Amino acid sequence: MNKYLLFLFCVVSTAIGQAKAQKFKDVAQTPPMGWNSWNKFACDINEQVIKEAADALVSSGMQAAGYEYIVIDDCWHGKRDENGFIHADKEKFPSGIKSLVDYIHNKGLKFGIYSDAGTETCGGEPGSRGHEYQDAITYAKWGVDYLKYDWCNTGKQNAQASYTTMRNALYEAGRPVLFAICEWGDNKPWEWAEDIGHMWRTTGDIYPCWDCEEDHGDWSSWGVLKILDMQDGLRKYAGPGHWNDPDMMEVGNGMTVNEDRAHFTMWSMLSAPLIAGNDLADMSAETVAILTNKDMIAINQDSLGIQGFKYSSKEGLETWFKPLKNGDWAVTFLNRADREHQVNFNWEDHQIKDPDFEYSVDFKNTLFSLKDVWAQKDLKTTKSSFNAVVAPHDVITLQLTKK
Ligand code: GLA
């Protein structure tokens, strides 16, 4: 081939390659479920910690309940070699990432890793800027199934362009990867990322408290209610394969059992990714019971993939509805207040209309059976009114099944 033809061939094949690059289509059709090291361990990670989390995900029953990804967050990195390829920190991960991935795959789990669109990660490790294709090849060689891609040290980079570059790099590397965008909602990814990532963070970092703001100087992390309120207006952007991500869970990281239950419930009502962030190898029975409640997980994983919406709010008592497949619904009474709330919900007085999607119900015309998801109790039907007390910082969730 002469030089001119070779040049033409390269230009055309690059153009075809880039035109073809897209996000992996069949990934994350329901909200991703798994565990991530950051909330509990931050930079204090090593291969033992990750293996123990994987072991515990299986032995606790979480894998059976649907959790599948084990994700290493920041600080696994060593240095780039002279050719620019990234390697793991040899002291923390003496066996290397590939062998850890094999260990995790052998349990029937999937493996996730973390990088950053800028020059350095938030923890000061090498970022992927300028090394996107190399890193994507490395991840594919290691067998990585999930990439969380952060936004520190990005200077004047354009977010949409930067995330598209990494999406293309992952696609070209050929191994299906769930691409988790983490730019904290700064550039409204819900408006442009549907074809780029499978989930996008909508807020800054979560903090294990009910309603606090934790001030870190030039940034803050946020309690559960603060993050919940920041989801307002975003539900119309989410659906199968592209989820709003209100951040990883803090269940088991120091809040009360009521608060943990409410946190898990609201993340389920929001069709949020359910990424546990606690020490799985050292969990209380209550934490396990919350994280593995099958009915709540079924509400989160419902194939419609429609987030719940706030139907009413009064004195700190909120009522949320979530449309489910087959005309079913989930209803949550969330008590944000420091005192008990009495619920008296006479179904037939209510006509529910989803504000963003075509779902509605008039309880005068349609009858449902009721199950209390946390009490695991079948109740009467929507013919009679539902009366109960919701404890402070707690929830009652009902599963409504069409009769
Ligand atoms: C950012 C992200 C966190 C975590 C840290 C790691 O703050 O939002 O979820 O990944 O970086 O340094």
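These legends go with close-up views of a predicted model. Residues are numbered from 1 along each chain as its sequence is written, and side-chain values use heavy atoms, with hydrogens and water left out. As for confidence, local features need pLDDT of at least 70 and side-chain atom pairs pLDDT 80 or more, while totals for chains, interfaces and linings use all residues.

**View 1. The shell around the ligand.** There are 13 residues around the ligand, and Asp73, Asp74, Lys148, Asp150 and Asp205 come nearest (near: a heavy atom within 4 Å). By type, the shell splits into 6 nonpolar, 1 polar and 6 charged residues (charged being Asp, Glu, Lys and Arg).

**View 2. Aspartates and ligand oxygens.** Asp205 has a side-chain N or O atom 2.5 Å from an oxygen of the ligand. For Asp73, a polar side-chain atom sits 2.7 Å from a ligand oxygen; for Asp74, that kind of pair is 2.8 Å apart (polar contact: N or O atoms within 3.5 Å). On its own the ligand would expose 310 Å², of which the protein buries 94% (Shrake-Rupley, 1.4 Å probe).

View 3. Domain 1 covers 30-300 and domain 2 covers 309-402, with bounds from an automatic or database assignment. Their C-alpha centres are 31 Å apart. Across the boundary, 25 residues of domain 1 are in contact with 28 residues of domain 2 (heavy atoms within 4.5 Å).

Note on methods: Polar contact = N/O pair within 3.5 Å; in protein donor to acceptor, adjacent residues only side chain to side chain.
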